[in-house]
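The sequence and the structure come first, and the text follows them.

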Amino acid sequence: MKKSVFLGALTVAGLAAAGASAATLDDVKARGSLNCGVSSGLTGFSQPDANGVWQGFDVAVCRALAAAVLGDPTAVEFVPLTTQVRFTALASGEIDILARNTTWTFSRDTDLKLDFIGVNYYDGQGFMVPKELGVTSAKDLDGATVCIQTGTTTELNLADFFRTNNISYEPIPIETNAEAQQQYLAGACDVFTTDASGLASTRASFENPSDHVILPEIISKEPLGPAVRHGDNDWADIARWTLNALIAAEELGVTSANVAELGAAPTSNPEVNRLLGTEGELGAMIGLDADWAARAIAAGGNYGELFEKNIGVNTPIGLARGLNAQWTEGGLIYAPPFR
């Protein structure tokens, strides 16, 4: 008797979970657009251009997801969010995915009930100072005033670093990257600290970028990635494998220029065929059609294309691939097999 009651409870729980997991996908399809939470403005990652069109490395993930699910990479409503409200916006259902240079941590994954769908940028926290200060190491910053965004991992890392090195600092709390730039350039703080990619982005937006130095120390691990809500398992699968499709496409040589040709008929590479839907039923397994990944790749390109276009060495941001190179090139970027 107890066994049947237990199994019945599992069945009810399973049905409830199944209903919850389908909710976001159903909502996105019914709405006809994807609600994507992004930074309130970070050059190269998420920022409106002169025409008000959102552009950037994080923005591209949402366009790829909209292309996969809705068949239209422009069917995205971008919601700019500060660090303080980003998690509330996701938990409340205001957004369907958070693609906002957010670090994957234990407490965010478990206590805040976020599901990180992968890492799209391996980063670490650094420091930027005016060149005129003559500082060459973060260990020389004893007594400095430091602009720091509240509600971030960088706030906690900063405290740990100064405590470990037995030096002091005065925090200048700010809420947005734009405010940080203003305060830093106005001399309200000696130092600006955030992820090294954010520092490169911020410096690139300055009138005289060469007047500012990013110090050599990287004091933390900051695996940045998009996140969805706990409980939406089907939606998490779709978002996760869309990101993986962009990563795998680079490794397999599938680009925005050749994806239509490679997807027109089976090739000699079975994994390319499975990725692009000319072989197997991977799309059906996540509730999408066979061309979902091909559309995601065509939206802006594979992972490497998106990196080089938005934040690579030939952009004002000027970031080398480094840890974000493919695993075959000595980096950490790696997609599980499409099979």
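Cysteine 62 counts as buried, at 0% relative accessibility (buried means under 20% relative accessible area, exposed over 50%, and partly exposed in between, with a 1.4 Å probe and protein chains only). The model is a predicted one, in which local features need pLDDT of at least 70 and side-chain atom pairs count only at pLDDT 80 or more, while totals for chains, interfaces and linings use all residues. Residues are numbered from 1 along each chain as its sequence is written, and side-chain values use heavy atoms, with hydrogens and water left out.

Cysteine 62 forms a disulfide with cysteine 36, with 2.0 Å between the sulfur atoms (a disulfide is a pair of cysteine sulfur atoms within 2.5 Å). Cysteine 36 is in strand 1 (residues 34-39) and cysteine 62 in helix 2 (residues 57-70), so the bond ties together parts 26 residues apart in sequence. Helices (H or I, at least four residues) and strands (E, at least two) are DSSP runs, numbered from the N terminus. The link is right-handed, with 65 degrees about the S-S bond. Cysteine 36 is buried as well, at 0% relative accessibility.

## The other disulfide

The whole structure holds two disulfides. Cysteine 147 is joined to cysteine 189, with an S to S distance of 2.1 Å. This link is left-handed, with -100 degrees about the S-S bond. It connects distant parts of the chain, 42 residues apart: cysteine 147 belongs to strand 9 (residues 144-149), and cysteine 189 to the loop between helix 6 (177-185) and strand 11 (191-195).

Cysteine 147 is buried at 0% relative accessible area, and cysteine 189 is buried at 3%. With the bonded cysteines numbered in sequence order, the pairing reads 1-2, 3-4.

## Aromatic rings

How many aromatic pairs are there? The count is 14, where rings of Phe, Tyr and Trp (its six-membered ring) pair if their centres lie within 6.5 Å, and planes under 30 degrees apart are stacked, over 60 edge-to-face and the rest tilted. One of them is the edge-to-face pair of phenylalanine 45 and phenylalanine 57, at 6.1 Å centre to centre and 90 degrees between the planes. Phenylalanine 45 sits in the loop between strand 1 and strand 2 (47-48), and phenylalanine 57 in helix 2, 12 residues apart. Both phenylalanine 45 and phenylalanine 57 are buried.

Ring pairs link Phe45 and Phe57 with Tyr121, Tyr303 and Phe307 into a cluster.
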